[in-house]
Amino acid sequence: MLTTLVMLVAVSVRPSAPQVVPVSPSSRITRRSLAGLAALTAVSAPLLAACSGSSAGGSGSADTSVLKVGFPEDSENYDPHQPPYTVSRAVARQIADTLVDQDPGSGKIVPWLAESWEVNADSSQFTFHLRDGVTFSDGTAFTATSVKKNFDRVVDLGALAYIGASHLRGYKGTEVVDEHTAKVSFDGPNAQFLQAATTQTLSILADATLELDPKEVAAGKVIGSGAYTLEDYTPGKTITLKRRDDYAWGSSVYDNKKAAAYESIAISFIPDPTTLAGAVSSGQVDFAFLLDTSTLPAVEGGQLEVSKNPTRGISFPLIPLVYRPLLEHEAVRRAINPATDRAEIAKRIYQGEVEPATGLLTASTPGSADLSEFLEHDPEKAEKILEDAGWSTVGEDGIRTNDAGDRLSLSIQYTSGNTVYEQLFQLLQTQWKKVGIEFELKPVTEAQASESGLYDAKYDLSTWTQGRADPDVLRVVYSSFYENQSFFYGHPIHEIDDALLALQSTTDADERAAASEKAQRLLLEGGYSFPLVDAISVSADSKSIRGIRLDAENKPAFADFAPAS
Amino acid sequence: MSVLRDPVGAVGTAAGTAPGTDPSRTPVRASLRGLPRAVASHPGIAAASVFLLLLVGWVLVPDLFAPTDPVRAVGPSLAPPSGRFWFGTDLNGRDVYSRVVHGARSSLLAGLVAVLISLVCGGLLGMIAGYAGGILDAVISRAVEVLVSIPGLLLSLAIISALGFGVDKVAIAVGISGIPGMVRIARAETLRIIGLPYMDAATTSGTRRPVAILTHVVPNASGAIAVVAGIDLGGAILAVASLSFLGFGAVPPQPEWGSQINEGRTYIASAWWWTLFPSLVAALTVLSVNRISRGIGTREVR
């Protein structure tokens with residue numbers, strides 16, 4: 001469940017480290033130069049649809065040869081173990097299976113490659129009883145040794161698989177009890193591991209793939225046991241998936257557990273949001289994944305089925321870089337949440353399609369807590385916090401300074417491009433200015449963005465969302481544990497680290513929810529995060545597809561797609 | 001109209017200091033005198049002039065034309081055009097009309113600065129190349145040919161990537177990419193002029209080379225160069241808007257036409273006004289500038 005949130009497509013799907021491309025990396029010149037053309041395409045798309053519609057309709061509607069799919073971006077890394085980007089995970093979902101799966105409705109963990117499992121009393125040992133007869137697409141058999149080799153590799157990958165490292169924290173090893181029994185041990189309780197085993201980061205791949213250099217795997221040389229195989233990958237353009245006819249071990253939440261209906265899946269990368277919307281409206285693709293909310297009016301109300309699902313995981317936040325001089329002041333951090341009007345953000349920027357954040361986790365995440373008391377818009381409170389801390393001189397331009405003469409000016413750096421974030425930041429600019437905080441926008445090119453990292457930034461705020469249907473996701477983002485992934489790495493806040501560790505070690509569901517709430521409370525009280533909205537994941541399909549199966553992270557599972565007859 | 005006055009005015013002053021034997025300045029003067037008549041007999045030019053006058057107003061006193069704050073929310077999000085919001089509002093509830101009016105300054109000034117850069121640098125290099133000849137000419141001409149082989153907008157993109165963001169930097173980038181074209185014209189004009197008898201006269205009477213450039217070549221070549229610069233202005237405004245559209249221009253929330261067109265683009269299905277009106281104004285501006293420059297250009301050739 002570790003895909004980055006869907007509203008943050010631009011952030012999540014790019015293969016850059018989170019700290020260097022904090023907001024929107026959609027800035028490549030090549031892509032941007034196409035933007036003008038894209039707008040044109042969007043306009044002309046309905047016309048083309050009108051032309052092609054009649055001929056397609058005549059050739060029979062239950063065509064199962066190719067399912068055409070549009071993805072917003074090429075994440076350029078298709079090793080399921082490596083990147084946490086949504087697009088990579090969506091592809092991994094088709095070509096590789098996991099030991100267990102998560103029911104998108106109930107959030108329960110259900111069998112997949114493991115038929116059953118036992119967990120010891122303190123959740124430090126997990127024994128999986130594996131399914132018989134499962135083969136990888138190169139013909140080799142899936143056994144307990146495969147489980148061991150895969151988990152060992154994730155740990156060995158280290159920084160390349162930092163999400164995996166957080167899942168397998170305290171990993172002692174996997175014992176091959178017999179051919180179909182694997183026992184995974186940790187040096188202490190690891191309550192989140194079972195849910196982590198449903199994520200693509202812990203996908204089970206064939207030995208042949210594990211032996212390759214991680215770079216080769218990233219370039220698409222992946223062999224899994226999935227319902228599809230990765231047939232062809234043309235960087236920046238397409239991915240072609242081919243059906244495995246002998247597939248017979250679909251996840252227990254799938255309706256179709258046998259070979260998929262569609263012979264092949266043709267994925268095209270369509271980076272411009274309007275073009276992607278135009279492509280699905282015109283029938284150029286049958287299914288568009290991760291549509292931008294700005295294009296909703298274009299796809300809704302037409303001949304399309306639009307699904308809008310709340311994302312699970314971290315709410316879209318701005319996160320203060322606590323080592324920056326201004327943000328070392330607790331008052332400055334604490335003033336920002338009450339200065340922010342989330343309802344206005346949801347209403348204006350997202351046109352009411354999303355809900356204001358109620359905590360650090362989206363409301364639909366299991367184990368989330370309603371902490372909206374910290375997130376109420378109260379400019380007077382913000383002003384009082386600042387006044388009390390000595391930010392009492394208001395200049396002619398309405399911006400506060402303190403006695404030392406420091407100007408209350410925060411900045412954010414983001415990769416330039418036409419994004420909803422740029423609009424959002426401008427709204428924050430006006431909201432914060434009302435209490436005397438200046439918010440400066442620093443658009444940069446992608447090259448400039450990579451000049452500084454998460455821990456030596458020359459700007460004050462950043463953002464990162466991470467999707468996962470488990471509160472443990474907080475530990476990855478808001479702790480000080482993981483370099484390049486945890487915001488407080490190198491600047492630990494011990495109280496918060498301890499509270500987050502409790503999430504991993506506590507097994508009882510109620511206790512975990514309490515631990516999640518405690519950690520979030522500490523983070524909000526200290527002003528360590530400014531959650532804004534709970535994003536939604538938007539996808540649309542032409543009505544030629546009957547069954548659309550989205551998993552617990554809203555990723556499509558093409559094995560369970562069926563054509564309308 | 002200030003757009004035109006600068007180059008033409010420069011010609012007038014320069015012509016005054018030129019030797020009386022100069023035959024080639026008469027058409028320029030004629031075009032200047034004939035301007036009102038030309039406007040009257042060409043309704044296209046007249047309309048273009050009126051529009052440009054309006055733009056000059058927007059640049060000089062934007063608050064008079066659009067008193068609404070261009071960077072603050074003044075209404076609901078994405079409100080359609082109405083009596084209150086002539087061009088509708090954008091996602092942040094800002095008045096699109098006000099943003100277009102206030103954006104005129106950065107968009108147009110950036111275009112002017114860009115042309116000025118190419119005019120000064122390109123004109124100078126071209127005259128030096130044409131007058132000096134020999135190795136210097138070869139070096140400058142070959143260098144220009146290399147630059148000309150790169151499409152202008154791509155060249156500006158390369159430069160802007162190095163310079164960073166902002167309207168001023170966009171203007172510099174567009175200006176630099178306009179230099180090669182200007183060098184060629186200045187060089188050709190210079191070559192034409194130094195072949196004329198009065199140049200021989202100047203040389204034989206002992207005028208030193210740099211002086212000859214200043215007193216004979218500059219004033220006589222500038223007529224043609226100014227007309228080309230006028231035509232380039234339209235292209236420069238467009239190039240500035242293009243780079244802004246690609247995200248290199250004004251840093252938000254500062255209004256600028258190109259970035260406004262880009263902002264509204266994804267909402268074209270639901271809020272067409274957000275991208276349409278800035279596009280229309282930018283297109284009309286370029287058309288007007290071109291119409292007027294070409295009007296003068298035609299007379300210049302005659």
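Which side chain meets that of A:Arg93 in a salt bridge? In this predicted model, the partner is A:Asp551, with an N to O distance of 3.2 Å.

The domain layout of chain A comes next. Chain A is divided into domain 1, made of residues 66–311 and 538–563, and domain 2, which spans residues 316–534. Taken over C-alpha atoms, the centres of domain 1 and domain 2 of chain A are separated by 31 Å. Each of the two contributes to their contact, with 24 residues from domain 1 of chain A and 24 residues from domain 2 of chain A. Between them, these domains bury about 1,900 Å², and carbon and sulfur atoms give 53% of that area. On the domain 1 side, the residues that lose the most area to domain 2 of chain A are A:Tyr162, A:Arg169 and A:Gln192, which together supply 27% of what that side buries.

The polar terms of this domain interface can be listed in detail. One salt bridge is counted between domain 1 and domain 2 of chain A. A:Lys308 and A:Glu353 form a salt bridge in which the closest N and O atoms are 3.0 Å apart. Across the interface of domain 1 and domain 2 of chain A there are also six residue pairs in polar contact, both residues being at pLDDT 80 or more. On the side of domain 1 of chain A that touches domain 2, the elements giving two or more residues are helix H6 (162–167), helix H7 (193–196) and strand S12 (304–310) of chain A. H6(A) provides the largest share of that side, namely five residues. By residue class, the domain 1 side divides into ten nonpolar, nine polar and five charged residues.

The next interface joins chain A to chain B. Here the contact takes 30 residues from chain A and 31 residues from chain B. The two chains bury about 2,600 Å² between them, 57% of it on carbon and sulfur atoms. One salt bridge is found across the interface of chain A and chain B. The side chains of A:Asp272 and B:Arg265 meet in a salt bridge, at 2.9 Å from N to O. Six residue pairs in polar contact are counted between chain A and chain B, with both residues at pLDDT 80 or more. Several elements of chain A give two or more residues to the side that touches chain B, among them helix H3 (35–58), helix H10 (273–282), helix H15 (420–433) and strand S18 (438–444). H15(A) gives the largest share of that side, seven residues. The residues of the chain A side comprise 13 nonpolar, 13 polar and four charged.

An unreviewed UniProt entry lists residues 104–293 of chain B as "domain: ABC transmembrane type-1". In the model, this span is 84% helix and 0% strand, and its end C-alpha atoms lie 20 Å apart. The UniProt annotation "transmembrane region", also from an unreviewed entry, covers residues 39–61, 108–132, 144–164, 224–251 and 271–289 of chain B. Residues 108–132 of chain B are 100% helix and 0% strand, with end C-alpha atoms 35 Å apart.

In chain B, a cis peptide bond joins B:Pro252 and B:Pro253, with omega at about 5°. B:Pro253 lies in the loop between helix H11 (209–245) and helix H12 (257–265) of chain B. In chain A, A:Ser123 has a positive phi of about 60° although it is not a glycine. A:Ser123 is placed in the loop between strand S4 (114–119) and strand S5 (125–130) of chain A.

Methods
Residues are numbered from 1 along each chain as its sequence is written. Chains are lettered from A and ligands numbered from 1 in the order in which they are written. This is a predicted model: local features need pLDDT of at least 70, side-chain atom pairs count only at pLDDT 80 or more; totals for chains, interfaces and linings use all residues. Side-chain values use heavy atoms; hydrogens and water are left out. Contact means heavy atoms within 4.5 Å. Buried area is the accessible area (1.4 Å probe) that two parts lose on being put together, summed over both. A salt bridge is a side-chain nitrogen of Lys or Arg within 4 Å of a carboxyl oxygen of Asp or Glu. A polar contact is a pair of N or O atoms within 3.5 Å; within protein, one must be able to donate a hydrogen and the other to accept it, and residues adjacent in sequence count only if both atoms are side-chain atoms. Helices (H or I, at least four residues) and strands (E, at least two) are DSSP runs, numbered from the N terminus. Ala, Val, Leu, Ile, Met, Phe, Trp, Tyr, Cys and Pro count as nonpolar, Asp, Glu, Lys and Arg as charged, and the others, Gly among them, as polar. Domain bounds come from an automatic or database domain assignment. UniProt positions are given in the numbering used here, feature names are shortened, and annotations may be inferred rather than shown by experiment.
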